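Hello,

Here is the structure I promised to pass on to you. Have a look at it first, and then read on for what turned up when I went through it.

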Amino acid sequence: MKVVLFRQHGGPEVLEYTDFPAPEPKPGEALIRLHAAALNRVDVMVRNGWPGLKLEMPHINGADGAGEIIALGDGELPASAISAQEAGGLRLEIGDRVVINASLGCGKCEFCLNGKDNLCREWHLLGETVRGTYAEYVSLPIKQLYRLPPGFDYHQAAAAALVYQTAWHSLRKRGNLQQGETVLIVGAGGGVNTASLQIAKYIGAQVIVVGSNAKKLERAESMGADILIDRSKEEEWSKAVFIATNKRGVDVVVDNVGTTFMQSLRALRKGGRLLTVGSSAGPKFEIDNRYMFARHLSIIGSTMSTLDDFKEVMDLIVAGKLKPVIDRTYPLRDAALAQERLWNHENFGKITLDIH
Ligand SMILES: [Zn+2]
């Protein structure tokens, strides 16, 4: 099969469009002929590598993908696969159109068995420590798949899977966002931020977006953002947020930048929640703990979601209640160009790869 792989960590130049043996489905797995993959910033982080990251080289990037089932693994299904299938009412067959959930729980530990598979003790992310979707074919346990209705666009599905489950779990389940609350989203263009904006509006929250330029803010406004703050003009945007909320502060901040945490904490009302699912500007920064205790603040981290949350949010996607924004689509062979665009924050919404 054609894939984009890398044999050593490095810049975009390490990505090779080449041939690689197609996987064989194991019992309980489905072999998927991918039509679309979507990029995430983690792809570039994995390509660059970090201390302690151990991969079986060559490695294939890619957490998101959608396509059709072309084969099912022979033999008896492992008990975990059967129970997951039955629980979800999922009886997949060859020819079914599916989207992938990249959050790979083991299916056996105490957390997986209690529906908290994102807390799995042997958790993996597809494309991070397991070969991913920058490929013509991928084989995955059936519990990782969601059946798409006829005609639903593969690129829309692939673009939705990781970011919408992440934003849904963070805002709805971890952050307990309620109708009528005010949410500040730090950053306008990224996939999780655009998903968070739509989900917050769907829940019935008022949304403030801090963005890096007027163009991205216009797009955010067209998606329903109520108040826009241009951080190229307002360096201390937490003050602008404070004024915009009548000196009350917001209930919730979505901050996946990291280095902006102090401004985000200042923008919160007393008892507010800072939600984070990423740290795009780097992993380490300082916060002033006095803000945390004196203002009763919470920082709530999460990553990905549970199998149930994934189904819940994908139901909203296929029903058209939430609609992924696609920035641009590249052919698979141009994955390096696609990653550059993403890494340089040139995108608004998701970048996808066309595979078949
Ligand atoms: Zn587990």
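Let me start with Cys-112, which counts as buried at 14% relative accessibility. Cys-109 counts as buried too, at 12%. Please keep in mind that this is a predicted model.

Next, find helix H4, which covers residues 154-174. You can check its length yourself: at 1.5 Å a residue, its 21 residues should span 30 Å, and the C-alpha atoms at its ends are 29 Å apart, which agrees. H4 also bends, by about 40 degrees at Ala-161. Is this helix enclosed or open? Of its 21 residues, 18 are buried, so H4 is largely enclosed by the rest of the structure. After the helix comes Asn-176, whose phi is positive, near 50 degrees.

The C-alpha atoms of Ile-300 and Leu-171 are 9.9 Å apart, although 129 residues separate the two along the chain. Ile-300 is buried, because its relative accessible area of 15% is under the 20% cut-off. Leaving out residues up to four places away in sequence, Ile-300 touches Arg-174, Arg-273, Leu-274, Leu-275 and Thr-276.

Thr-276 belongs to strand S14, residues 268-276, and is buried, with a relative accessible area of 13%. Which backbone oxygens does its side chain reach? A polar atom of the Thr-276 side chain lies 2.9 Å from the backbone oxygen of Asp-255, and the side chain also reaches the backbone oxygen of Gly-278 at 3.0 Å. Beyond its neighbours within four places in sequence, the contacts of Thr-276 include Asn-256, Phe-261, Ile-299, Gly-301 and Ser-302.

Finally, here are some backbone details to look up. Most residues other than glycine have a negative phi, and most peptide bonds are trans. His-296 has a positive phi, near 55 degrees, and sits in the loop between helix H9 (289-294) and strand S15 (298-301). Met-304 also has a positive phi, of about 55 degrees, although it is not a glycine; its place is the loop between S15 and helix H10 (307-318). Are these two residues buried or exposed? His-296 is exposed, with a relative accessible area of 57%, whereas Met-304 is buried, with 3%.

The peptide bond from Met-57 to Pro-58 is cis, with omega near -5 degrees. To find Pro-58, go to the loop between helix H1 (41-48) and strand S4 (64-72).

Best wishes

Terms used. Residues numbered from 1 in each chain as written. Predicted model: local features only at pLDDT ≥ 70, side-chain atom pairs only at ≥ 80, totals over all residues. Heavy atoms only, no water. Helix = DSSP H or I, 4+ residues; strand = E, 2+ residues; numbered from the N terminus. Expected span 1.5 Å × (residues − 1). Bend = angle between axes of the 7 residues up to and from the residue. Buried < 20%, exposed > 50% of the residue type's maximum accessible area, 1.4 Å probe, protein only. Polar contact = N/O pair within 3.5 Å; in protein donor to acceptor, adjacent residues only side chain to side chain. Contact = heavy atoms within 4.5 Å.
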